[in-house]
Amino acid sequence: IDRIIGYLPPDKFLSEIQRVQRGENTIPDLINRATENPDDFNIWKSLAQKYEDRGDLPSAVEVWESIAEANIGDKALVNYKLVELYYHINKDVSGLEKFVTNNLDS
């Protein structure tokens, strides 16, 4: 449903647990919101980040590929995230090298 990363003091941890129990900003919630608002780049980006945070890189790639297909948001960021995730999955730096070469001002 969600993942809480790192240490939180008890009061903030409890608040996060309550947020998850309410279903706010969880993966199912973000999927529903992205379906209802297909042009909202920030929702899609949050969903991809949730998958990344839980270590589900293939699902994060699927979300970023959906963003690319929908042609929403910052194209350079979308391309970078895909290249970065492919690197982490395949352990091949060639995509990163090509991205840097083609985006020297990035």
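This report describes the fold, the nonpolar core, the helix packing and the salt bridges of a predicted model.

## Overall fold

The chain has 106 residues, of which 26% are buried. Its secondary structure consists of six helices and zero strands, and the order of elements from the N terminus is α-α-α-α-α-α. Taken along the principal axes, the C-alpha atoms fill a box of roughly 45 × 30 × 25 Å.

Contacts between residues at least 6 apart in sequence include a share of 36% that join residues at least 24 apart.

In soluble globular proteins, nonpolar side chains tend to be buried together. The largest nonpolar core in this model contains 19 residues, and the residues with the most contacts inside it are Trp44, Leu47, Val63, Trp64 and Ile67. At least two residues of this core come from each of helix 2 (27–36), helix 3, helix 4 (57–70) and helix 5 (75–90).

Trp44 illustrates the contacts made by a core residue. Apart from neighbours within four places in sequence, Trp44 is in contact with Ala34, Asn37, Pro38, Val63, Ser66, Ile67 and Ile72. Two of these partners, Val63 and Ile67, are themselves listed with Trp44 among the residues with the most contacts inside the core.

## Helix packing

Two packed helices are described by the angle between their axes and the distance between the axes. For helix 4 and helix 5 the angle is about 155° and the axes are 10 Å apart. An angle over 145 degrees counts as roughly antiparallel, and helix 4 and helix 5 are therefore roughly antiparallel to each other. The crossing of helix 4 past helix 5 is left-handed. On the helix 4 side, the residues that meet helix 5 are Leu57, Pro58, Ala60, Val61, Trp64, Glu65, Ile67 and Ala68. Their counterparts in helix 5 are Leu77, Val78, Lys81, Leu82, Leu85, Tyr86, His88 and Ile89.

Helix 5 contributes Ala76, Asn79, Tyr80, Val83, Glu84 and Tyr87, which meet Gly95, Leu96 and Phe99 in helix 6.

The structure holds seven salt bridges. One of them joins Lys81 and Glu84, whose closest N and O atoms are 2.8 Å apart. Lys81 and Glu84 are three residues apart in helix 5, so about one helical turn separates them. Both partners are buried: Lys81 has a relative accessible area of 10%, and Glu84 has 16%.

Lys81 and Glu84 are also contact partners of Glu52. Glu52 is located in helix 3 (residues 41–53) and counts as buried at 18% relative accessibility. With neighbours within four places in sequence left aside, the contacts of Glu52 are Leu57, Ala60, Trp64, Lys81, Glu84 and Leu85.

Asp2 and Lys50 form a salt bridge through their side chains, at 2.9 Å from N to O. Because Asp2 lies in the segment before helix 1 and Lys50 in helix 3, the pair ties together parts that are 48 residues apart in sequence. Asp2 is partly exposed at 22% relative accessibility, whereas Lys50 is buried, with a relative accessible area of 17%.

Arg19 belongs to helix 1 (residues 10–22) and is buried, with a relative accessible area of 9%. Beyond its neighbours within four places in sequence, Arg19 is in contact with Asp2, Glu24, Asn25, Thr26 and Lys50. The list therefore includes both partners of the bridge whose members are in the segment before helix 1 and in helix 3.

A further salt bridge connects the side chains of Glu24 and Arg22, again at 2.9 Å from N to O. Glu24 is partly exposed, with a relative accessible area of 36%, while Arg22 counts as exposed at 52% relative accessibility.

Terms used:
Residues numbered from 1 in each chain as written. Predicted model: local features only at pLDDT ≥ 70, side-chain atom pairs only at ≥ 80, totals over all residues. Heavy atoms only, no water. Helix = DSSP H or I, 4+ residues; strand = E, 2+ residues; numbered from the N terminus. Buried < 20%, exposed > 50% of the residue type's maximum accessible area, 1.4 Å probe, protein only. Contact = heavy atoms within 4.5 Å. Core = buried A, V, L, I, M, F, W, Y, C linked by side-chain atoms within 4.5 Å. Salt bridge = Lys/Arg side-chain N within 4 Å of Asp/Glu carboxyl O. Axes fitted to C-alpha atoms, helices over the stretch in contact; angles between N-to-C directions. Parallel < 35°, antiparallel > 145°, perpendicular 65-115°, else oblique. Left-handed = near helix turned anticlockwise from the far one by under 90°.
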